[in-house]
Amino acid sequence: MAITRIGNPALANVREPNFRNIIINGDMSQAQRATSVTGIGNGNAGYHTCDRWKLHEGGATAAEFTQSQSTDVPTGQGFAKSFKMDCTTADTSLAADEIMNIYQRFEGQNLQYLKKGTSNAESLTLSFWVKATKTGTYVTNLYDNDNNRAIGKTYTISSSDTWEKKTITFAADTSGVLGNDNASSLEVYFQLFAGSNQNTGSLQTSWGTYVAAQWASGQVNVADSTSNNWLITGVQLEVGTTASDFQFLPHDINKKRCERYYQNSFDVGNIPGTSTDNDDAELTTSWTDGNAPFPNPYRTEMRAPPSVILRPRGSTTTGQVNNGATNRSTSADQISNKGIGYLNVSSGTGGQFNAFTYELNSEL
Amino acid sequence: MNIETVEKIYDIYTNTFSVYKLTYANGIICNVPLNEENTDYQAIQEWAAIDGNNIIDPGA
């Protein structure tokens, strides 16, 4: 039977997967960890709200933000959520080593069709909706983590606090093959501010070896006023030189893709570390030696063996489970990317219930 | 997040070192598998390489 390919004719020769958007959770609809976190600044690199979107900060910045999954979205585009950074403590005089950006990392095994590092390498186009209080020049980058190569492009916020769609094309890179594995190979960055160590001279607008001083050249300081907000949604990175409409995925598919990197037992809307809702917990029965099984397998196979956070049912204390109505110190052991061998319950009582919540983290 | 302490945990069935108990500066405790693909494992190796940082080993 003949198979007809449906899609962008310009991409007819590209072995593009059905998921044409390399970005995961580009519509910001998934936020398993939290929907709002205050005081994001020095020492807070990591994942806080919208799944897959990581904060990087360097230097001892005085700036602080509230990071949230917002319902402020561009009108009539089909989006329900956005990612928001709201400056709550300003830093008007950046030290040389200060920097903050939002970024996402991608596994190399998902990117082999880009043919990076070959004469047939593909161009990439990044499109997104952005709304910022501060007008001016902003920098976005691609970084090849396997080969320490980078490229940057700018976009301009011309109207304060107004949703604007931006489209940026990055040239193909015929140098630097991406690893065919589950490690971070390619990364996309959105800069928020950068001190002079990474914000001098001219931006590196062609692929080449990463140069720190040219990483964020020209970037405005989003942290220079507590009036400043920066919001983004509809982020899509795809093969080619034109941006197609944002590819919306069914909710369950989008969540499954996120769960490869992070998942938890909490009810939708309940926040790990805050919620004490008994409905968040899993229940298993102890073996005769007092140790306990984990409810295997994970909902979704994970990228790599995850880090595990356990809490007793109804409690925010970590490193414990509730064993027969007593909270006991517990470790997860024999951890794989599909499940956990057992829970080592200190002085656990056999034949008792074990009630606990969990978080599994296998992020890049 | 900043690392506060790291302790070796031994598999009670095999008596072999099998997982780390990682305590962050904010008090959150997690178990980290001995796998180089895990970013917390990578962070522990970097932390342990700094003079003055020691991994607690209670023994099997």
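Over all chains, the count comes to 16 salt bridges, a salt bridge being a side-chain nitrogen of Lys or Arg within 4 Å of a carboxyl oxygen of Asp or Glu. One of them joins the side chains of A:Arg20 and A:Glu238, with an N to O distance of 3.8 Å. A:Arg20 lies in the segment before β1 (36-40) of chain A and A:Glu238 in strand β13 (residues 229-239) of chain A, so the pair ties together parts that are 218 residues apart in sequence. Helices (H or I, at least four residues) and strands (E, at least two) are DSSP runs, numbered from the N terminus.

The model is predicted: local features need pLDDT of at least 70, side-chain atom pairs count only at pLDDT 80 or more, and totals for chains, interfaces and linings use all residues. Residues are numbered from 1 along each chain as its sequence is written, chains are lettered from A and ligands numbered from 1 in the order in which they are written, and side-chain values use heavy atoms, with hydrogens and water left out.

The domain assignment of chain A gives domain 1 (9-259) and domain 2 (264-361), the bounds coming from an automatic or database domain assignment. Taken over C-alpha atoms, the centres of domain 1 and domain 2 of chain A are separated by 34 Å. Nine residues of domain 1 and 10 residues of domain 2 of chain A take part in the contact, where contact means heavy atoms within 4.5 Å. Between them the two domains of chain A bury about 820 Å², 37% of it on carbon and sulfur atoms; buried area is the accessible area (1.4 Å probe) that two parts lose on being put together, summed over both. One salt bridge is counted between domain 1 and domain 2 of chain A. The side chains of A:Arg299 and A:Glu259 meet in a salt bridge at 3.1 Å, N to O. Six residue pairs (both at pLDDT 80 or more) are in polar contact between domain 1 and domain 2 of chain A. A polar contact is a pair of N or O atoms within 3.5 Å; within protein, one must be able to donate a hydrogen and the other to accept it, and residues adjacent in sequence count only if both atoms are side-chain atoms. Helix α1 (residues 251-259) of chain A provides the largest share of the side of domain 1 that touches domain 2, three residues. That side of domain 1 of chain A divides into one nonpolar, three polar and five charged residues. In this classification Ala, Val, Leu, Ile, Met, Phe, Trp, Tyr, Cys and Pro count as nonpolar, Asp, Glu, Lys and Arg as charged, and the others, Gly among them, as polar.

Chain A contains an open sheet of seven strands in the order β2-β3-β6-β11-β8-β9-β12, with antiparallel pairing; two strands pair if DSSP finds at least two bridges between them. Strands β2 (46-47) and β12 (208-209) of chain A stand at the edges, each with a single partner strand, so one side of each is left without a neighbour in the sheet. Strand β3 (residues 54-58) of chain A runs antiparallel to strand β6 (residues 99-107) of chain A, and five bridges join the two. A:Gly58 stands opposite A:Ile99 in β6(A).

Most residues other than glycine have a negative phi, and most peptide bonds are trans. A:Asp161, which is not a glycine, has a positive phi of about 50 degrees; its place is in the loop between β9 (149-157) and β10 (164-170) of chain A. A cis peptide bond, with omega about -10 degrees, joins A:Asn296 and A:Pro297. A:Pro297 is placed in the loop between β15 (282-285) and β16 (307-312) of chain A.

In chain B, β1(B) and β2(B) run antiparallel and are joined by seven bridges. B:Val6 has B:Leu22 in β2(B) as its bridge partner. The two strands form a hairpin with six residues between them, and B:Asn15 in the turn has a positive phi of about 60 degrees.

The contact between the chains takes 20 residues from chain B and 27 residues from chain A. About 1700 Å² is buried between chain B and chain A, of which carbon and sulfur atoms give 43%. On the side of chain B that touches chain A, β1 (3-10), β2 (17-24), β3 (29-33) and α1 (39-48) of chain B each supply at least two residues. Strand β3(B) gives the most to that side, with five residues.
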